[in-house]
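Thanks for asking me to look this one over. Here are my notes as numbered points, which you can read with the model open beside you.

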Amino acid sequence: MTTLIKNIKYLYQTEEGSERKRVVAGAAMAQVPHIENAWLRIEKGLIHSFGKMNELIDSQYNIEIDASNSLVLPAWCDSHTHLVFAAPRDQEFVERIQGLSYEEIARNGGGILNSAAKLRQMDESELYEQSYARLQQVVAQGTGAIEIKSGYGLSLEAELKMLRVIRKLKENTDISIKASFLAAHAYPIEYKENKSAYIKLIIDEMLPRVAVEGLADYMDVFCEEGFFSVSDTEQLLEAGWKHGLKPKIHANQLHYSGGVQVGVKHRAISVDHLECVGDAEIESLKSGTTMPTLLPAAAFFLGIQYQPARKIIDAGLPVCLASDYNPGSCPSGNMNLLATIACTQLKMTPAEAINSMTINGATAIELEQELGTIAVGKKANLIITKPMNSINSIPYDFGNNPVKQMIINGKKI
Ligand code: NIG
Ligand code: FE
């Protein structure tokens, strides 16, 4: 099966040659390589070749797509979501408007514990159906690869239920999906007075089961004051490594907690949130290969301070943007809106935002060899946009869906 996309106004994020880049960092983030008036050929779900229209050699194709006036770019790689959940938390949204903070709501038994109570009651098939619908929705908005976390189970059975739902999403869709084990998201009510017993439960009972069943790629911890401390996090990450789960953690959302440093020390694939980043965090990030991942849509929705993206990029580091789709702090997985927030609030340029949501997003879930750029042999997970001038139009035209057609694994969906 061959597909030709022709007359592409701009084909973005092209990569020539056989060397595949891992990240785009610092000043290089300001550029997105592209070809004007381009074609792209897909074979067996992969990018077979691409080039300029005036160099296209006539050939036979099963499908031809005319992309006149449209842009083509790699689908978004959303490296941080909590897309599997049982119910919205709109009541807490109203409570925050009325003055309560995210932490106060959590301390009163709302927040993650609220989600856990609802998830424990829901049967697996209903949880799957709801999650499947959310996944379809974000794909229609441009997402072609996604990471999904557990963390609303907080018991062995309920965490396994979440991870099985993620596995089923993986089996039943063509989207690239990675799973993170986040039992260390909050202390369940039953362990409120005995926190070390919960950590022991995670390490001695949950982790081995998750690993044996191959249900997760990564070990996540909500490293934050009032949640899991730096020393709890260290214990959990070491245990994760022993079972082959690499760390990808929540860090420095609400406090300068030492979360970034502990993530880098334990060779985390990424440290995510990063509202609280100063010189010490920057120095730590410069010493390793951990991807700084910013979740500004959550900061937007909670009305808290934004991440210092400029400081991170100006230090020569890469930045990744992810949605954090979850029922509490960010009930949206819309990466286009995320790009707008990154541009208007974090002062990232559109090009920096696009690099953050494609190649750097792919790297944050270790998929940079197969996704994130337009390169021969990579998976054909692509966005064909509605008619627009350039990538600037994506964050500019905010609130509207730029997607005209998604291609996943080489197929129109
Ligand atoms: O990434 N910060 C911790 N976890 C999620 C929120 C989870 C929730 O409130 O349900 C986050 O923002
Ligand atoms: Fe999160």
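In which strand does T293 lie? It is in β12, residues 291–294, and point 3 comes back to it.

A word on the ground rules: this is a predicted model, so local features need pLDDT of at least 70 and side-chain atom pairs count only at pLDDT 80 or more, while totals for chains, interfaces and linings use all residues. Residues are numbered from 1 along each chain as its sequence is written, chains are lettered from A and ligands numbered from 1 in the order in which they are written, and side-chain values use heavy atoms, with hydrogens and water left out.

1. **The iron site.** Please start with the iron ion (ligand 2), which is coordinated by H80 (NE2), H82 (NE2), H250 (NE2) and D324 (OD), at 2.1 to 2.3 Å. Donors here are N, O and S atoms within 2.8 Å of the metal (3.2 Å for Na, K and Ca); water is not among the atoms, so sites may look incomplete. Along the chain, the donors follow the spacing H-x1-H-x167-H-x73-D. H82 sits in the loop between β6 (76–78) and α1, and D324 in the loop between β13 (320–321) and α12 (335–346), so this pair links distant parts of the chain, 242 residues apart. Helices (H or I, at least four residues) and strands (E, at least two) are DSSP runs, numbered from the N terminus.

2. **Cover at the site.** Are H82 and D324 buried or exposed? H82 counts as buried because its relative accessibility is 2%, and D324 is buried with a relative accessible area of 2%. Buried means under 20% relative accessible area, exposed over 50%, and partly exposed in between (1.4 Å probe, protein chains only).

3. **T293 and its surroundings.** T293 is buried, with a relative accessible area of 0%. Leaving aside neighbours within four places in sequence, T293 is in contact with residues including S79, S270, H273, L274, C320 and A364. Contact means heavy atoms within 4.5 Å.

4. **Two positive phi values.** Two of those partners deserve a look at the backbone. H273, in strand β11, has a phi near 110°, and L274, in the loop between β11 and α9, has a phi near 65°. Most residues other than glycine have a negative phi. H273 is buried at a relative accessible area of 2%, and L274 counts as buried at 0%.

5. **Helix α9.** The buried residues of α9 (residues 279–286) are E281, I282, S284 and L285. They cover an arc of only 160° around the axis, which puts them on the same side of α9; the arc is that of the directions from the helix axis to the C-beta atoms. Their cover includes α8 (259–265), β11 (270–273), β12 and α11 (309–314).

6. Q13 is found in the loop between β1 and β2 (34–43) and is buried at 0% relative accessible area. Not counting residues up to four places away in sequence, Q13 touches K21, P74, I354, G372 and T373, among others.

7. **Salt bridges.** How many salt bridges does the structure hold? There are 18, each being a side-chain nitrogen of Lys or Arg within 4 Å of a carboxyl oxygen of Asp or Glu. One of them joins E64 and K6 (2.9 Å, N to O). R164 pairs with E124, the closest N and O atoms being 2.9 Å apart; R164 lies in helix α5 (residues 156–172) and E124 in helix α4 (residues 124–140), so the pair ties together parts that are 40 residues apart in sequence. E147, K149 and D220 are linked in a network.

8. **A surface patch.** Finally, F93, V94 and I97 form a nonpolar patch on the surface, with about 260 Å² of accessible area together. V94 is in helix α1 (residues 90–97) and counts as partly exposed at 33% relative accessibility. Patches are made of residues with over 30% relative accessible area and no salt bridge: like charges are joined within 9 Å, nonpolar side chains (Val, Leu, Ile, Met, Phe, Trp, Tyr) within 5 Å. Accessible areas come from the Shrake-Rupley method with a 1.4 Å probe; for residues, only the protein chains shown count as cover.
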